[in-house]
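Trainee: I'd like to learn how to read a structure like this one. Could you walk me through it?

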Amino acid sequence: MMEVKYPAPGSVHFNFKNSYARLPDGFYARIAPTPVPAPRLIKLNVELAGRLGLDIAELASAEGIAILAGNRVADGSEPLAMAYAGHQFGYFVRQLGDGRANLLGEVIGRDGVRYDIQLKGAGRTPFSRNGDGRAALGPVLREYIVSEAMAALGVPTTRALAVVATGQPVYRETVLPGAILTRVAASHLRVGTFQYFLAQGDVEDIRRLADYAIARHYPEAADAPRRYRALLDGVIARQGKLVAQWMLLGFIHGVMNTDNTSISGETIDYGPCAFMEAYHPGTVFSSIDHQGRYAYSNQPHAMHWNLTRLAESLLPLLVEEEGSEESGLASAHEALEKFGIHFEAARDAGMRRKLGFVLEREEDTLLAEDLLKRMAENGADYTLTFRRLCDAAAGIEGNQGVRTLFADPAAFDAWETVWRQRLMRESVSAEERAAQMRQVSPAFIPRNHLVEAALRAGIERQDFQPFEELLDVLAHPYDDRPGMERYSLPARPEEQISKTFCGT
Ligand code: AMP
Ligand code: MG
């Protein structure tokens with residue numbers, strides 16, 4: 001009798017509970033990560049591992065690192081590359097898919113939510129086209145820093161569980177060290193995933209995908225009289241709020257293609273993203289965004305455009321639901337019209353909190369717009385203006401810190417007079433007001449020059465201390481940290497970074 005050899009069970013327990021791998025073949029390609037020569041653990045996110053119910057010692061063991069490097073397939077993992085399409089800068093690509101990412105499986109977090117565990121940079125897949133399937137250390141560290149900062153700032157986002165250096169160079173414009181990021185997401189469903197099945201003309205697959213998205217992210221839609229409309233409404237509501245949160249923090253995503261727009265409402269894809277320093281609505285960082293398509297102030301418009309692509313993809317289901325083409329279209333339009341309402345409501349409420357107002361008054365929007373206009377004209381740092389405004393709210397002696405951020409301090413003074421009159425209508429004490437304002441206007445954001453310095457130290461000198469220190473400050477962005485002031489300051493002129501790169 002032939003002896004059947006089973007692989008020895010591992011001692012790293014992810015407790016994978018995979019649902020995406022149960023969908024039909026056309027949704028993905030089954031493929032394992034490609035092993036790398038010399039994996040080395042650079043970073044493990046202890047706090048996130050805890051939330052996922054994962055054991056730190058197991059993850060940091062040789063076997064754990066082998067899994068995070070793609071050198072070993074964990075027990076219960078069913079590795080696959082997801083299929084998706086997408087509009088990139090307005091141009092439709094029928095097939096993109098995970099060209100360098102590998103979904104290991106799903107785990108249920110301590111919060112009861114199902115999370116994808118994905119290796120980014122894990123080798124070639126059937127979706128790689130001409131790419132090498134790999135990621136360079138710089139962009140991996142960058143995604144780690146910025147996505148974790150966003151999480152700490154309270155913005156829905158994919159997260160970073162680990163960074164492993166591969167010991168294998170990647171060839172871009174120069175030779176760079178390779179790395180793999182373990183990304184955690186509520187799911188990796190994108191607007192582009194729906195577009196993929198629309199392009200294939202397969203209504204049954206669109207329905208399967210929609211049902212899957214409802215079960216995973218919008219369970220309340222399952223019982224709605226029009227479930228697919230409820231799904232569309234749900235995504236639109238979450239994305240409207242998300243973009244408002246970005247805007248309130250001065251965040252510029254940089255590559256808002258439909259394949260980078262998640263169905264769960266999380267920020268995904270930290271390629272050329274950046275936080276704006278001197279406020280200007282037209283700010284663009286991405287080196288490939290020549291037309292300013294994804295400029296700071298265009299983000300709500302870009303998201304509405306992307307959600308229109310989602311509505312198009314769901315249209316066959318909406319038409320069925322409504323009983324006629326005309327009513328299906330009307331349903332899609334009705335849903336899309338609400339995007340602006342969600343966005344503006346979240347933005348206005350957020351801005352009111354940043355200005356220290358509890359009461360809602362008609363003129364508040366104008367007051368906010370006037371401040372932003374003066375900031376733009378005077379090159380005021382976005383984050384610091386609002387942070388120091390908290391000190392000004394605490395007492396008039398706080399004015400000085402804000403004034404000095406304006407090229408012409410008198411531009412702030414004129415606004416400040418009106419602002420103080422408006423504050424008189426409020427009944428909250430100055431101290432309490434300042435404390436509340438500090439909870440929405442951070443002291444620390446991942447400033448581009450600090451991020452670059454941390455990456456450079458890691459790449460050029462294998463010194464990850466600056467990376468660790470930056471992460472530590474960014475983990476509590478709303479707390480003042482004595483001794484850490486330099487992390488709150490804008491770049492000096494010679495430190496300024498005006499361009500960011502995808503690095504893919
Ligand atoms: P991104 O710019 O990261 O949103 O990626 C857009 C598309 O290009 C996705 O389908 C990626 O999987 C693919 N891609 C990006 N970089 C690589 C790479 N190095 N190798 C293979 N595919 C890649
Ligand atoms: Mg992407």
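**Strands and their partners**

Mentor: Let's start with strand 9 (residues 159–171), which pairs with strand 10 in the antiparallel sense over nine bridges. Strands here are DSSP runs of E of at least two residues, numbered from the N terminus, and two of them pair if DSSP finds at least two bridges between them. Before we go on: this is a predicted model, where local features need pLDDT of at least 70 and side-chain atom pairs count only at pLDDT 80 or more, while totals for chains, interfaces and linings use all residues. Residues are numbered from 1 along each chain as its sequence is written, chains are lettered from A and ligands numbered from 1 in the order in which they are written, and side-chain values use heavy atoms, with hydrogens and water left out.

Trainee: How many residues are in the hairpin link between strand 9 and strand 10?

Mentor: Three residues join them. Across that pairing, alanine 165 sits opposite alanine 179 in strand 10.

Trainee: Which other strands pair with strand 10?

Mentor: Strand 8 (residues 135–136) does, antiparallel, over two bridges; there alanine 136 has glycine 178 as its bridge partner. Strand 7 is joined to strand 10 (residues 175–185) too, by five bridges, and these run antiparallel. In strand 10, threonine 182 stands opposite leucine 119, and arginine 183 stands opposite glutamine 118.

Trainee: Where does strand 6 come in?

Mentor: Strand 6 (residues 101–108) pairs with strand 7 in the antiparallel sense, over seven bridges. Asparagine 102 faces leucine 119 of strand 7, and leucine 119 also stands opposite threonine 182 in strand 10. Strands 6 and 7 make a hairpin with five residues between them, and glycine 112 in that turn has a positive phi of about 85°.

Trainee: Is threonine 258 buried or exposed?

Mentor: Threonine 258 has a relative accessible area of 0%, so it counts as buried. You'll find it in the loop between strand 11 (251–252) and strand 12 (274–275). Its side chain makes a polar contact with the side chain of glutamine 195 at 2.6 Å; a polar contact is a pair of N or O atoms within 3.5 Å, and within protein one must be able to donate a hydrogen and the other to accept it, with residues adjacent in sequence counting only if both atoms are side-chain atoms. A polar atom of the threonine 258 side chain also lies 2.6 Å from the backbone nitrogen of histidine 87.

Trainee: What about serine 262?

Mentor: Serine 262 is in the loop between strand 11 and strand 12 as well, and is buried at 2%. Its side chain and that of serine 264 are joined by a polar contact of 3.4 Å.

Trainee: What should I look for in phi?

Mentor: Most residues other than glycine have a negative phi. Asparagine 15 has a positive one, near 55°; this residue lies in the segment before strand 1 and is exposed, with a relative accessible area of 52%. Phenylalanine 89 has a positive phi of about 50°; it belongs to the loop between strand 4 (86–88) and strand 5 (91–93), and is partly exposed at 22%.

**The ligand**

Trainee: Which residues are closest to ligand 1?

Mentor: They are Gly97, Gly99, Asp132, Gly133 and Asp269, out of 18 residues that surround it; a residue is near a molecule if one of its heavy atoms lies within 4 Å. An oxygen atom of ligand 1 is 2.7 Å from a polar backbone atom of glycine 99, and a nitrogen atom of ligand 1 is 3.0 Å from an N or O atom in the aspartate 132 side chain.

Trainee: How much of ligand 1 does the protein bury?

Mentor: The protein buries 86% of the 480 Å² that ligand 1 exposes when taken alone; such areas come from the Shrake-Rupley method with a 1.4 Å probe, and for residues only the protein chains shown count as cover.

Key. Helices (H or I, at least four residues) and strands (E, at least two) are DSSP runs, numbered from the N terminus. Buried means under 20% relative accessible area, exposed over 50%, partly exposed in between (1.4 Å probe, protein chains only).
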